[in-house]
Amino acid sequence: MSEVTLRLTVNGKTHRVRVPPMKRLLDVLRDECKLTGTKEGCGEGECGACTVLIDGRSANSCLVPAVQADGAKILTVEGLSKDGRLSALQRLFVEGGGAQCGICTPGMLVSAHELLARAKGRVPSENEVREALAGNLCRCTGYQKIVDAVRAAARGGRAW
Amino acid sequence: MPRVRSTGRATKPASPDGSVGVSIPKLEAHEKVTGAALYLDDLRVPGMLHGRTVRSTVARGRIRKITLDPAFDWTGVTVADHKDIPGDNVVALIEEDQPLLAAHEIRHAEEPILLLAHESAERVEKALRAVRIEVELLEPVLTVEQALAAKQLLYKDTNIFKEIRIDRGDAASALRSAGVAGTVLVEGTYRTGHQEQLYIENNAMLAERTEDGGLLVRGSLQCPYYVHKALMRAFGLPAEKVRVAQTVTGGGFGGKEEYPSMIGAHAALLAWKSGKPVKIVYDRLEDIAATTKRHPSQTRIRSLVDRDGSLLALDIDILMDGGAYVTLSPVVLSRGAIHAAGPYRCANTSIRARAVATSTPPNGAFRGFGAPQTQFAMECHMDRIARQLKLDPLEVRRKNAVREGDVTPTGQVLTESVGAHEVLERTVRRSHYEAKRKRYAQENVAAARAERAGRFDGRGRRVRRGIGLALVYHGAGFTGGGEVKLASLAAIDITPRGRPRILSASTEIGQGTRTIFAQMVGDALGVPAEFVEVETPDTGLVPDSGPTVASRTCMVVGGMLVDAAREMRAELTAFHGAEWSDAPGFERAARRYLAEHGALRAEKRYRRLAELSWDDDTYRGDAYGVFSYAACTVEVEVDLDTGETTLLSVTTAHDIGKAIHPVLATGQIEGGIVQGLGWALLEDVRWKDGRVWNHQLTNYIIPTAVDVPTLDVEIVEIPYSRGPFGAKGVGELPMDAPAPAVVSAIAHATGIQIDEVPVLPEKLLRAHSQASVG
């Protein structure tokens with residue numbers, strides 16, 4: 001099978017990978033970049049467990065062929081904390097019960113991070129938060145504590 | 001007076017009096033929010049193969065021939081079938097009727113027949129398509145009705161896996177007296193469908209042969225000792241040669257109670273044959289198609305009531321579809337039957353429950369374990385009684401809800417911690433149920449009048465609103481003599497660093513086992529929860545504290561751990577000559593103890609409580625040590641033209657004895673409520689020829705964040721004297737109330753009671769058009 005060399009900037013770090021062009025970005029992140037924080041829940045873009053930001057926009061990495069991410073800046077859950085310090089969003093998930101089994105948490109955090117980045121300090125309404133997270137399924141929490149944590153982070157003024 | 005706690009959302013600082021009742025950060029949450037937590041699919045073992053399962057595609061038949069396509073390059077592919085199993089070809093559970101791999105007979109369409117493994121996941125995927133299985137077809141049994149007709153026999157000569165009868169008083173005679181003294185007969189039949197647990201992490205196991213000739217199996221699971229038992233049997237290995245360890249588990253809800261035994265044994269068989277580590281990770285399609293689901297049910301209730309709504313007699317007949325093998329159906333049925341009359345007083349109750357065999361994949365454990373199905377029926381029936389008597393559903397609940405001293409259908413006297421009225425009244429007050437009941441009724445009449453005059457709501461729609469109510473209870477711990485039979489064991493020891501370490505097989509599956517155990521043990525030892533270590537549930541390291549099921553983890557295993565901690569504290573205090581005031585003090589005392597005695601371990605085995613008795617033959621006695629109680633109101637808006645139901649609010653109060661960790665406890669309640677709402681409105685498993693055809697998230701729909709409203713949860717704490725810090729069970733209870741509350745609200749909004757979940761728009765429209773015509 002023919003392979004291509006791609007350059008990805010993941011969480012600020014440049015990776016050169018040689019992969020089949022149609023390999024899923026999800027698998028490139030997990031296998032090549034050794035970043036297993038991004039999860040697979042359904043493989044068809046419904047559950048959002050594999051959500052990452054590609055050039056600032058959220059995407060289901062299970063639906064993205066690697067070649068399409070060539071040259072892109074990618075943010076995964078591993079990139080949300082800096083120097084071992086949790087972001088406000090992560091901290092509020094920890095404190096407020098936003099993570100139960102944790103399998104949806106990476107994708108959920110990335111989607112919430114995107115929302116807060118776009119809100120630029122404005123506190124989104126509960127409905128806005130629910131809309132923004134509607135592509136991320138969670139079976140444990142009933143969403144309430146996740147929504148609360150995201151809004152609490154927004155009230156702090158930033159995702160960070 | 002019960003203590004009431006509102007939805008404590010913020011984390012409070014640890015108090016000097018201990019951490020029980022305080023929402024400390026969940027112990028493993030840090031790894032989960034940073035992506036560092038390693039779930040099974042994140043593990044890579046050198047030389048590892050990927051395993052896949054070849055299944056039947058037909059529901060019933062006999063295997064004639066298995067062909068490996070000679071045109072395919074089979075180099076490096078490990079192939080295993082039933083003949084490769086070193087021990088017995090059974091999934092050891094209640095009955096041993098289910099094979100690990102079908103040898104001759106196919107009893108459902110997802111029956112595993114052959115296993116394949118290869119170092120390349122892509123290659124093994126291709127190999128899967130190069131296997132041809134020829135089957136002689138037999139007539140399948142696809143419905144409960146066909147099973148009862150017993151034309152095709154799947155199980156003994158009746159197709160009935162289990163029948164249970166519970167009798168108190170004389171329901172039959174009472175029902176014959178209907179009409180006497182103004183008594184009224186009310187009848188109804190209620191149905192619930194399959195439901196998929198839909199944990200977001202699919203089933204996944206990894207098996208390796210060990211140097212001592214044994215097996216190490218790791219995986220996403222709820223019950224390490226179930227897998228352990230199954231592996232011993234399948235491989236003919238002694239206990240010490242089989243080690244089963246849990247990896248971080250992405251949700252269970254009952255779905256990882258029994259099936260991991262099957263997958264674990266499959267991975268182990270491939271590892272056994274290939275000599276290499278083998279990982280089996282199901283994709284979503286396979287997980288939904290093949291693994292267990294909630295038992296579908298139908299329940300017929302005949303009741304006799306007084307004009308004021310008092311229950312005089314209940315005759316309840318329950319049918320559940322067990323699927324192709326016995327698996328856990330007898331115990332699911334048992335819990336369903338025991339809860340079938342709801343938290344109500346009724347002197348004459350007769351319950352008959354049957355689980356039948358069909359040619360569909362076995363149904364199994366799912367949060368609530370039979371009780372959501374039967375209480376759905378009972379709650380819908382309470383509404384039917386109210387409608388027939390022209391009473392409000394609330395009045396009928398108030399009239400009949402149990403109080404201390406009342407007796408359940410099994411003859412159990414409810415002696416303490418009976419929160420039925422408390423949760424009902426609190427829910428009614430917080431939701432403004434009574435005012436809304438009146439208001440919506442008036443508004444709906446006005447809307448209908450306006451529509452007749454050609455005026456519609458602002459968006460041109462014809463909508464109706466309603467509020468509904470449900471009241472339920474749920475027994476904590478194993479049913480009847482289950483805990484006594486299990487005789488589970490939990491322990492605490494001291495690590496070389498001088499820290500207490502919890503040793504139990506109770507798994508963290510998101511619900512907070514690790515954190516609440518550390519809190520309770522920390523408090524009992526006089527040290528902070530964060531100082532307490534919690535060992536991984538690994539059969540090589542921890543005793544068998546039983547499965548993580550049945551709302552038993554906090555109350556039963558937590559209780560044993562608290563006892564063990566108190567014993568350890570007494571021992572260490574006696575040795576040390578004084579109490580410690582902080583963690584370093586404990587550490588010093590513990591290390592001195594270790595230096596002198598080598599080890600310190602406190603162990604507790606479950607012992608029967610003197611006041612409880614149970615007779616499994618007659619189904620009389622104390623089915624559970626105690627029950628937890630919940631009430632729930634749901635407000636809905638129904639669009640009469642599309643049939644869509646929108647949820648406007650959910651209000652609930654749960655009496656759980658004591659919230660060890662309020663944020664985690666409300667998290668359990670909120671999560672369970674939303675699973676219940678999904679079951680009520682969205683989740684519909686569709687079948688064709690014995691196979692699930694919507695086995696993907698594109699068309700098996702679970703609630704998203706926009707499908708559910710803000711949840712208003714109140715925890716009521718009426719302590720149970722035998723529970724640790726007063727705690728009862730919480731895990732399953734939240735699943736019981738939402739579905740009947742939704743049906744009740746829709747009935748209030750539209751005047752139509754749909755006796756079946758899920759209430760899909762098309763079902764509601766059909767019922768509405770029939771009602772309009774009729």
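Mentor: The expected span of a helix is 1.5 Å times one less than its number of residues. Keep that in mind for this predicted model.

Trainee: How far apart are the end C-alpha atoms of helix α18 of chain B, and what span should its residues give?

Mentor: Helix α18 of chain B covers residues 738-750, which makes 13 residues.

Trainee: How many residues of α18(B) are buried?

Mentor: A residue is buried if 20 or more other C-beta atoms lie within 10 Å of its own. The rest of the structure largely encloses α18(B), because the buried residues number 13 of the 13.

Trainee: Which residue just after α18(B) takes a positive phi?

Mentor: Look just past the end of the helix. The phi there is about 80 degrees, and the residue is B:Gly751.

Trainee: Is B:Pro46 buried or exposed?

Mentor: B:Pro46 sits in the loop between α1 (29-34) and β2 (49-55) of chain B. B:Pro46 has 6, so it is exposed.

Trainee: What distance separates the C-alpha atoms of B:Pro46 and B:Pro277?

Mentor: Along the chain, B:Pro46 and B:Pro277 are 231 residues apart.

Trainee: Which are the edge strands of the five-strand sheet in chain A?

Mentor: The sheet is open, with mixed pairing and the order β2-β1-β5-β3-β4. From one strand to the next, the twist averages 40 degrees. An edge strand pairs on one side only, and here these are β2 (13-19) and β4 (57-60) of chain A.

Trainee: Which residue in β5(A) is the bridge partner of A:Val10?

Mentor: β1 (residues 4-10) and β5 (residues 73-75) of chain A pair in the parallel sense, over two bridges. In β5(A), the partner of A:Val10 is A:Ile74.

Trainee: Which strands does α3(A) touch?

Mentor: α3(A) packs on the sheet, and its direction makes about 35 degrees with that of β3(A). The strands touched are β3 (51-54), β4 and β5 of chain A.

Trainee: How many nonpolar residues are in the contact of α3(A) with α5(A)?

Mentor: The axes of α3 (residues 105-119) and α5 (residues 144-155) of chain A come within 10 Å and cross at roughly 35 degrees. The crossing is right-handed. Among the contact residues are A:Met108 and A:Leu115 of α3(A) and A:Ile146 and A:Val150 of α5(A). No polar and no charged residues take part, and the nonpolar count is nine.

Conventions
Residues numbered from 1 in each chain as written. Chains lettered and ligands numbered in written order. Predicted model: local features only at pLDDT ≥ 70, side-chain atom pairs only at ≥ 80, totals over all residues. Axes fitted to C-alpha atoms, helices over the stretch in contact; angles between N-to-C directions. Helix = DSSP H or I, 4+ residues; strand = E, 2+ residues; numbered from the N terminus. Left-handed = near helix turned anticlockwise from the far one by under 90°. Contact = placed C-beta atoms within 7 Å. Nonpolar A, V, L, I, M, F, W, Y, C, P; charged D, E, K, R; others polar. Buried ≥ 20, exposed ≤ 12 C-beta atoms within 10 Å, placed from the backbone. Pairing = 2+ DSSP bridges.
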